[in-house]
Every structure is written in structure tokens, then in C-alpha cells.
Amino acid sequence: MLTILTFLPLLGVAAILLLKFFEKETDELIRRIALGTSAIVFVVSLVVLIGFDTSVGGLQMVEHFDWIPSWGISYYLGVDGLSILMVLLTSFISLLAVAASWTAIKTQVKQYYIFMLLMQLGMMGVFLAQDLFLFYVFWEFTLIPMYFLIGIWGGSNRVYASIKFFLYTMAGSLLMLLAILYMGITNNTFAVPDLIAGREAFADVQNILFLGFAIAFAIKVPIFPFHSWLPDAHTEAPTAGSIILAGVLLKMGTYGFIRFNLPLFPGAAAHYAPAIAVLAIIGIIYGAIVSFPQKDVKKLVAYSSVSHLGFVMLGIFSLNEAGIQGALLQGVNHGLSTGALFFLVGVLYEQRHTRMFADYGGVWKAMPVFSVLALIVTLSSMGLPGLNGFVGEFTILLGSMGAESLGPNPWIYTAFATTGVILAAVYLLWMFQRVFMGPLDNPENKKLRDLNGRELAIMLAFLLFIFWIGIAPSGYFKLMDSSVASLVSNIGSSLVVMP
Amino acid sequence: MGNPILFLILAAVAVIAAVMMVRSRNAIYSALFLVLNFVTIAVLYLILNAPFIAMVQITVYAGAIMVLFLFVIMLLGAEKLQGFEESSKGQLWIAAFLAVVLIATFAVALIQGDPSSSGAVAGLDSSPSNLGLHLFKAYVFPFELTGVLLLAAMIGVVVLSRNSAKRGKDA
Amino acid sequence: MPEVTVEWYVALSVLLFSIGALGVLLRRNAIIVFMSIELMLNAANLLFVAFANHLQDVDGQVLVFFVITVAAAEVAVGLALIVTIFRTKHSINIDEINLMKG
Amino acid sequence: MNAFGLAPLILVFPVIGLLLNGFFGRRFVDADRKTGEKLSGGFASVMALSSFAIAVLMFFSLRSHEFHAEVINLFNWIVVPSAKLQIPWAIQVDTLSVTMMMVVTGVGSLIHIYAIGYMHGDPNFSRFFTYLNLFLFFMLILVTGNNFLMLFVGWEGVGLCSYLLIGFWFDRVDKNGLPMNANAGRKAFVANRVGDLAMILAMILMFWTFGTLEFNTVFQSAVELFEEGHMVHFGLFSATLPAVLTAVTALFLMGAAGKSAQIPLYIWLPDAMAGPTPVSALIHAATMVTSGIYLIVRSNVLFEIVRASGELLFGIVSSADLVAYTGAATALVAGLIAFTQFDIKKVLAYSTVSQLGFMIAAAGMGAYVAAMFHLITHAFFKGLLFLGSGSVIHGMEHGHHHLAHGDDHHDDDFDPQDMRTMGGLRHKMNSTFIVYTIGALALSGIFPLAGFWSKDEILAHGGEHNFAVYLMLTIAAFCTAFYMGRQLQMVFFGKPRHAAAEHAEESSPLMVIPLWILAGLSVVGGFLLNLPFLTESLAEANHNHPTGIFLALEGWLEHSIQAFHLSEEGIVHLPHTPIVFSPMVAGLSTVLAVGALLLAFKLVYRDRPQTADERDPLEKIPFVWKFFAALPFETLFMKGFIPLFNKASHWLGHTLDGTIWHDFVHERVIRDNFVGFASFSADVLDTNGVDGLVNGSAKAVKRLANLIRRSQTGYARNYALSVFLGAVALVVYFVYMAN
């Protein structure tokens, strides 16, 4: 089942490639095939969700075959509470991203959708792989389609941005590869559950291994001060690229922390927790402050991601149930809110071909429906209670206050992190005001049309989850509760052994 | 191992003959000195209780091989050619140096080494029959190889010595 | 009166070998070079025989037999080569034969 | 009779209203302006009235239920089983929440009706009512929630509505071309968010202390923990319960300061007057801004425990007393600032800040009932005053409109809210004048209007328990009467100072009727709520309620204010409000109020300006004017903090992150060095190095080969020499070294 989920996009790729032989290769048909494939992937992920047993803390629907047995490498897929939400998020965001690029992409349509489908494959693999080697393969694989998506269909400075994106993330991954190889060779297996069981074998060097993983993930997240690639990549990426980048790609980093860093190196995780929490909080505040003076809408949203993911990181390194669950949910929330924001910016960009605040203002008058939806998304990103962002933020802050990993005065961390709530209001309202409020004095903006049916459908899909998670998130917590609880007890039990 | 005086005389003759062979400008003289040297050594073989070898030395070397040399020298008319002096200075000095090193090395070795007793009883049966038995028992394979070698040499010589013009026609 | 030991023969052999070597190295006449080689072979033979006597082992003499055979073959081929070279170059000065110059 | 099951409807009606108006309102209005407006506004008003009906229903349900609180669970909200976090959506119906419901929906309904007239002709008519219904929804969530997190939902939600409604005319720009409404809305939201930060922290602290956020459970376990004297432990953190509760209550104060516009966060409220006047009346006077008081009254147990424990914040002052001082100081400062305002709504705005200070001070002193009492009466008369000022503004605009049409005399600088342009309106707008005067007198605390009773209760409490607060509040009361007198004088008396004022006209009945209703409430509200239970004689009541609860409102609210019971049990020491009318306090405050009104009328404004350009008499007293015109906190924020933040963020965003981190470190240091290194590698190292190594080794080989080639003379003798060399070397080796 999971294999089907992962490699299903290949069918779409094959279908698109085969079109040439039937001489029916039109852009429209390619779009439909890509959309259809993504929709099927989404349906399959829902099937996985239906089959998912929330009471089980461990891996489910495991598919485990030898791959390179002499090195202990296996083809090992599985899903648990830590990844199920990420899997759903991936299939959902990918579907919307494909739909979002319907009219935005006019050149090299075939290649574009092939890369989009390959992207889905890679991301899904990252979240499902339970073998470090396999994980690494998928991890690096995601870089390639993204590189091309930014580099070919991006903005004016796309080549620079795509290369920076590629190099930055690649550089981080190499350290992780070293750590992976070290662990795989000492334990003669790359399967994550086996490595967790045998983590004593590398307990003496776990701090170094932890850092090897942490840097790779930190760049992906990105944690301050590794964020410099993000604004460039986001600004230059096409709309769908930004949606996927914010929605899923960044979550690969936070997911990696939860999936690998915590259970594999619990001692190191506890050791570095205060330091990472401090970086996370700097990220929250710094990202928010830096967002404020941006002149480019997409850049502002990109920096806001730094701030939001600071919350996620703080939650993870609270190392308790509330923090980690909040972090996972906040990952989803950020994917939805920021993805939706990027989509909205894309709708504007498609019509006006500018992302500068100075060119907008008073858009509300021209596009009332669009503006109301944008307001809701902005508020969701701000963490207005009743919408999704608040639930995640609150749970994270709750976790951080009770975190043993943060020493005897965790409230200091919580207090500083909470200032992000104020700052979020400062920069997001400033953004909203500059685009939607004020007088509609630019004649270009008077010609803006409101959302069409396709765009409205995409936005409603985003909003459905924004409201659902905001009002009744308990189902989402239930999905991950068992897994997180067993993860935390797993960490906790080892902390006693390895102080 | 024989009378030292006899040995010294024979050795002196052999060395002088060798030096003269190398030094002679005339190739024929060289060949003749070489014959003298071979004969002297053959005498030493006799002293060393190796009559068969001594006999082979005279017949094969002094006889057959040296005749071949003389024959070629005369055939080519190359009896009077360059001597010592024509060598390059570097080659001369290096060669001389190496020779001195070689001799000195052995001298050191001989002086430092324990003197061996010469109490060699003439118990070594080096009669042709015994030698023959050795040759055809223990060394039968090398012996056969020698035969092949000689055959190869013979064919080689025949091929080489054929007239080049004729060879061209054959080819 | 000192006894003649095997060392004496070694010394003689070395002398003869050195002279032969010098001959090979210093003479340009190919035929004399060949003869010097024969001299060196003889020096070696002498040593074989001396040690055969010294060690009371007839194997040394057997080897001499082989050496003589090889020497004969060598001389035959070598002289044939010299003759051939002389035919083409009208010289047996080995310094004029440098086809292998790199 | 028990209708608690209907309680969720109170939330449902506004949602229906907002959905209908949100989706279809615009179409109605666009299709046919006149009926569309009636339909849209009428529907919203009907929904508000329906909610009010439910609130009344709840009132009677409680009466028949012995005033016991009832919790109606709707469904789970945040449930994290492994973290033991469980927060439901649940409605708590008790006397306190029903009081708030009735105020919110009652005053809200009137303002809805008023707004139909006020917003007539606005292009976004239906959007306005959507927002109003949304506000009602959130405000009701705030007051009905049974846990702090739900309260917080409403708390933030009303902040959002405030933002939206202040920014309703988001395209308006001021003289400098700045979008003032949008800016004001943003300022309000951000200032509120500062308070929200405190709220979030307080809630998290409470969760780890008590393991829940439900009001009743929290209060109950707080009392238990307090009695047992347990330490609070979570994570590696530990502290005493009073210490934790001091932090929580101090954070609540900060939250309340944000929402209820107290020092130092009150600065947003005057700016919020940029919004439509009904909004100012509903949100920024009657309901939303009082939610801070509601919060403190709701958490009375926590405050009383802090007070009883003697725990001091930073060793200086008890956080409960800090609440009182903050409120009193705000009341005083805002009352003084109101002297200097010329904008009719800004005077009222500062007055609101001042009155909120009264309430906060009362709550901080433990006079919870007095605080709620003042909250209710204030909702009546301040709502009345705002709506009255809206009517005045409407009239002035009408006059200006008339003027512009009449003789092409058009001046764009005309500000219909500037009191300097008004004057003599009592003849033009008779109804408005009467109700406005009633409101002003009620606010000033003139017997027997509503304000007298409620303000007096606070003052009496202060006189008995906290003299400093009493003093400040008395001065503030004096200020109140003075600036209201000034305002009445400037707006309604004298001669018109602007042509527009001469042509002002009375507003439509739709606007005036709610004014009359509110005026009625302002007259009798205080008295009614202050009536003793009619079933009990004074002596009987005094006997039955030794802590002094015998007034109607007290008898009603005591069921929700657990501190009363705890005080009876001796766990905390709630300072009781005097049971008997205090003639000393009442007399003094009445004398002061009348004196202040007379001062304003006769002394200062006797020779009032005759034209709009003339200076205000107060301006002639330089010190007073300058001091209050400088608006201490406004200046601090707008001239100090905000530019500082702007500078810091620009520096961080453009210089640090842009120029230094992005451009310099990544581009210059890393990339350029990398490129430099790379080109060094490519051009120098690679060409000369790697390539060079390859080529070089080839060259070296060549050179060596040339060297060696020289040895390859082709001369056999040379080869022989090397062979000989090797042979000699071997011999030397064997002889000298092999052993």
C-alpha cells in the first residue's frame, strides 16, 4: 500500500511521456493527467488513513524487503503517528499545488508536471522510509525536481536562487550522510527501528552524530541562522513551488528531527535541547522582526516561515507529549496557512506580475472575496484562536512551559517565544494592510478580477482544514498521540540511563 | 688444491692474457690472448680435479668458439679497430670505479671471512661417467633444454646469416 | 708455504671477471666485446669448478657444462648478428649501432 | 422552568446572521438599496435580539435553578490524551455570564438597530452588519465559555472584530495621506496582542499548575492547594502556589490592560474612534473593553488567594492591589487628558478609559460587584453618549452636506467631529440634546442617575479600604464631571461656530429610538439594580448576609463570585463593600460633580470661544495644556517605541539579514570566497595544480624521461655499464648487508 502511495506518481509520469506516441500531447491533457494522478495519490493516502490504527504506537503497514543485505540496507516503508499527518499533508498540498499551477505555467508544461509528480514521489518517500539509506536517497531526490522547478519556472533571479537552494541543502545533507554511514556500519543495519534498539552502540559519539543530522535538518527547517536560502528560494520559486516548499519541504526538516534525532540520540537531544530552543526562539523573534520591513510580499511570507518554524522547533525540543504533538500539528498548520498565503500571492502575481507592496493597496475593493479569504488565512497564520495556527502554537507553548529539557526555568523560553504572537500580529497585519487596505489608487489594481472557480475551490480546500483544525483538532491529535507517547517514553527511559 | 707457486704462475698468465686480450688493438691478438687465457684456465680445471671440464674447455672454447671468432674477424676484416682510448671519459671512469669497488668488495670479504681449510681430499669423483650420470639423472631436463637452445641458436644463426637480398626475395 | 685455498680461486675469478667487464664496457669493437663476455663466463666457470672441488660436489661441474653450451650458442648467434650488422652498416663499432636511442 | 439546553442558540443566532449577511447581504443591498438595507440590517438586528431573548431565558432559568451554575458541553476542542490536555467547547451559564450576556446582547441589539440608520447609504452596509454579528458571536463566546481558553477565543475574536470595524473605512486617508483607519485598527490589534501574550502565558502557567483550564476546577483546586500549602511542581520548575498565582494574576492584569485600555496600553482606544460610531459605542465603550473587568471578576478566587497569602509582586505590591492602583491611575490620567480633546468622540474615548479605570480599580480592591455594577451602568450611559455623539456627527455631516450643495461652498478640511465647529446644537437637535445631557449627567454621577449609584459604590469601597485609590478616583470623578460639562457646553450651548452647525438636523427615528431606550436605562438602571431584594427587609437582609450582600445585583452575582463564600469560610478575606449608604462619600462626590459641572459651565466656558478658530480657555493655562496635550503614553509609544521598532526591524531586516547576513556573509564571504577559491582552484590549482598535476606529472615524466633518455644512448656499452652497476651493487649488498 505504501509502495503504491509512494511510486504512484511514476504512473502519471509514464502516462505523460506516453502521450507523445499517441500524438495527443496537449498541455491541457498533461495538466489533467497530473491532477488526476495527484488526486489518486490523495485518495490512496486517505485509504492509508482509514487503515491507520491510532492505538498503535509503532510502525504500521510495514513493507520490509532486503535491498543490499550485505550492508544491512533494506527497502523499508512504514507509517506511524509521527508521519501519518505528514503523508496526508504531502498528498493534499501536492494536489493543490498541481491545481494552483493550472494557468500560471505556460512554458514547458510537460517537464513542469513531470517534475511536480517526481517531487511528490520524493517527499512521500521521505516521510515513509524507515531505512536510513532509503531515507537519504529520497531526501536527496527531492532536491532535484525542486532545483528545476525553481531554476526553470522561477522568477527573474531564479538561477541564483535554485543554485543557492541546492548547494545549501546539499552541504547539510553530506554531514548527515556521514553520520548515517557511521551508524549503519557500526550496527550493520540501516533500519531505523533496529538502530534505535541498538543505539547503545554509538552512544559515545551520539553528540557528533546528532549534530550531523541536526545541521542537515536545521538547514531544511530552516533554523536561524541557516535561513538565508529560504527567502531567495521562496521569492523566486513559481507559486506551486513555494507552496510545496513551505508546505512540505520544510516539514521534512522538522520531521527528521522527530523521527531520527530524538529516538536515535536521546542523550544528545536532551543535551542540545536548550541550545536549539534558544535558536528556535531567536528564529521566532528574528524572523518576525525581519519580516516586517520587507518590500516583497513573498519575502515577508518566507521570513514568517522562519518565525513559525521556530515554534515548531521549540515544541520538538520540549521533548514532551504536548510539545511534540503541537510541533507536528503546527507543521501541518504552517503548511496550510503559508501554502495558502503563497497561493494567494500567486493569484495576485499572475494578474499583476509584481510582488512589491508598493504596487498594491486597497485590493479589498477590487477583490472582496479574495480579500476575505486572505484575511482568514492571515489570521490563521497569526494564530487567531478558533483557526488552526492557534491550536498548534498553544500546544507548543504549553509543552515548552512544562519541558524538563529546558531546565528549571522553562517559563523564560515560553515567555520569549510568546512575544512571537505579538510580532506576528505586527508584520502580518502590516502585510494585510499594505496589500488590501488603504485607498485603491493604482489604476492597474482596479482591473483585478476576483477569484475564479478553480482558485476558489483551492482556497476553500485550504480553509476547510484551517477551520477544521482550529475548531476540532482532537482527531488530529488522536492520530499521533500513541506514537508520540511511545517516542517520549522511549526518550525518557534512555535519559535515565544516559544523563 | 695444488701448488701455490704453480697456481700463482698460472693465475698471473691468465690475468695477463686477459688484460692483453682486452687491451689489444688488433682483434686477432685479442682472440689469441683469449685462447691463452682459456688454456691457462683449463690447466687450473685439471688442478681442481675437473678433467672432463678441462677437456671441454679446450675443445669447445679454445677450439670451436675461438676458431669461430677468428673466422669472423678475418671474414669481416675487422681486426684493426678502435682501442681503449676511444671510449668516453665518463664511461671509463665509472667502469673503472665499479671494477675497483667489485674487487675491493671481494678483497674485504676474503680477508674478513674465515679462511677455509683446503683439506680437500681428492674424493670427488668427477670422472666423465659420473658427470654423465649426474647430467642424465638429476639434470636431464635442463640438458634437454640445452639441446633445444642449441637448435634454436642454430636456426637463428641460419636465418640471420642468410643474404638480406635473398631474404627480401623470399619475403 | 701457504696452501692454495678456494679463496685464491675466488680472487683470480674476480680479477678475470673485472677485466672482462672492463673489456665489455670500454671496447667498441663488437667482437672484442664478445670475447670479453666469454672471459667473464670463464671467470664464472672457474669459480664453479673451484667450489665444486671445495664442496666436494660434482654439480658445479655440471653447471659449467651448461654454461659452456649456452656460451657456444650465444657466440654463434652473436657472431651471426655481428655479421649481419656489418653487412648493412659496414662497421662493427657498437657505438655506431644506436637504433635503440630514446 | 429550565431552558439551559437552549443556551448554545445564543451563539448560533449571530452565526446565522453573519453567514447570511456575509454571503448574501451584498446582493440584497446591491439589488435594491432601500429594502436591501432593511433586510440586511434588520436581519442582523433580529439575530441580536434573538440572542438577547435567549439571554433573558437564561436569566429566568437560573432563577428557577437556585442560581446554580450550569455547564453545557458542546464538543471537544483540544484533546491531547498523552499530555492530559483536554479543553472542550462548553458553555457556562451562571449569574455572572448571564449578566454579561444580557448587557452584550441588550446594548448590542439597540446598537444594531441604531446602526441601520447610521450606516444608511454606506457602500459596504452588509459587511458592517456581518462584522457586528461576528463581534456579537465572539463576545458571547468570551462571556459564556467555561474555560480560560474559550474565554481567550472570544478575547482574541473581539479584538479581531475591533480591528475590522476600526478599519471598516480602510481606504480613508488623513491629511498626510496615511491610511488612518487601517493604522488605528492595526494599533488596536497589536496593543491587544500585547495583552494576549500575557493571557497565553497565564493560561499555560495555570494548566501546569492545575492540570485544567476550566473555571470551576481551577478555582476549586486553587483553593485546595492554597489550604494545603502545597508547592507547585512541573517539569523541573517548582514554586509556591501564591507565587504562581501572583504571576498569573499579574499577567491577567496585563491582559486586561490590553483589552480594557489601562495604563500603559490604553493608547489604542482613542485612535479606535476612527471607526464608525456604533462600533465605538458597542465595542469601545459598552462591551469589548469591559472584558478585562469580566476576566478579573471571573478569576476573583485567584486574586483573593493572592491577597490573602500576602505574596508580593517583586516584593513591592500585591498583584491584586496593583490592579487597583493601575485602574485608579488610569482613571485619573485619562480623565485629565480628556480636558484637552476637541474631537467629540475622543473626549468620550478618554472618558471610557477613565471609567474602565474605575472598574478595574474596583475589581482590584475586591469590590467585584461594584465593578460589575459600574460596567453595566457604564454600558448604558456610555453607549448612549456615543450614539448621541454619532447622532451629532450625523447632524453635522448633514449640515455640511447641505452647505456643500447649497452654495458650492466646499471646504475639505471640515471635520464633523471637531467640537470647535459645533455649538448651539440644542435647538437643532432637540432629542439628541436631551438624551445626551442625561448621559452626561449619569456619567458625571448626578443623583439619581445610574452613574451615581455605581460610581458611589466604588468610591465608598475605596474610602473604606484603600485611601490612595479613593483619592485618585475622587479626583478622577471630578475630572469626569468637568470634561462632560465642557463637552455639553461646547456642543450644545452657545452659538454655532460653523455654518455646518447652523444647518445641522435631527437624525432619523431609527437612530433616536435606541437613544431614548438607553437614556431610560441610564436614568433608572442604577436605581433598579441597587434595590434591596423586595422580599427582605433591610434588617433581615443584613442578618442573612453578614458580608453585606443584600442589593439586587449583589444577591444575584454572589452565586458566581466564589470569593464571597470563601470569605465566609475564612479562607480569604474579601473586603466587603459597605452595606449602608455612605452619606459622607456620596455627598462629597455629588458636591464635586456638581461643582465641576458648574466650573466648566460658568467659570471656564462662560466666555467661550465665539468662532471655531479661537483658542480654548484651557489653552491659556500653558502648563496644564501642554502636559496633557503631550499625551504621555501616546508620545512614548508613537514617538519612542514604534520608531525604535521600525528602525530596529529595518536594521535587522535590511542591514543585518539583508546586507550583512545575506549579501555580505553569504555573497561576499561564503560565495565570493568560494568562487574565489573555485576560480583559484579552476584557474590556478586546477590548471596548474590538478590539471597541472596531471600535465605537470606528464611534464615531469617527460623531463625525467628526457633525463633518462640521455642514458638511453642506444649504446650497448652504456647499458652494460648499468647492468654492471647493478651487479656490483648486488655484490656489495650481499657482502656487507645481507647478514
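In the predicted model, helix 18 (residues 450–465) and helix 19 (residues 467–492) of chain D have axes that come within 8 Å and cross at roughly 150°. Axes are lines fitted to C-alpha atoms, for helices over the stretch in contact, with angles running from 0 to 180 degrees between N-to-C directions; helices are DSSP runs (H or I, at least four residues) numbered from the N terminus. Helix 18 and helix 19 of chain D are therefore roughly antiparallel to each other (angles over 145 degrees). Their crossing is left-handed, the near helix being turned anticlockwise from the far one by less than a right angle.

Lys455(D), Ile458(D), Leu459(D), Gly462(D) and Gly463(D) of helix 18 meet Val469(D), Tyr470(D), Leu473(D), Thr474(D) and Ala477(D) of helix 19, contact requiring C-beta atoms, placed from the backbone, within 7 Å. This contact comprises 6 nonpolar, 3 polar and 1 charged residues (nonpolar: Ala, Val, Leu, Ile, Met, Phe, Trp, Tyr, Cys and Pro; charged: Asp, Glu, Lys and Arg; polar: the others, Gly among them).

Between chains, 64 residues of chain C are in contact with 71 residues of chain B. On the chain C side, helix 1 (6–26), helix 2 (30–55) and helix 3 (59–89) each supply at least two residues, and the largest share, 22 residues, comes from helix 3. That side has 43 nonpolar, 14 polar and 7 charged residues. For chain D, 9 residues are in contact with 8 residues of chain B; the chain D side divides into 7 nonpolar, 1 polar and 1 charged.

Residues are numbered from 1 along each chain as its sequence is written, and chains are lettered from A and ligands numbered from 1 in the order in which they are written. Local features need pLDDT of at least 70 and side-chain atom pairs count only at pLDDT 80 or more, whereas totals for chains, interfaces and linings use all residues.

Terms used
Contact = placed C-beta atoms within 7 Å. Parallel < 35°, antiparallel > 145°, perpendicular 65-115°, else oblique.
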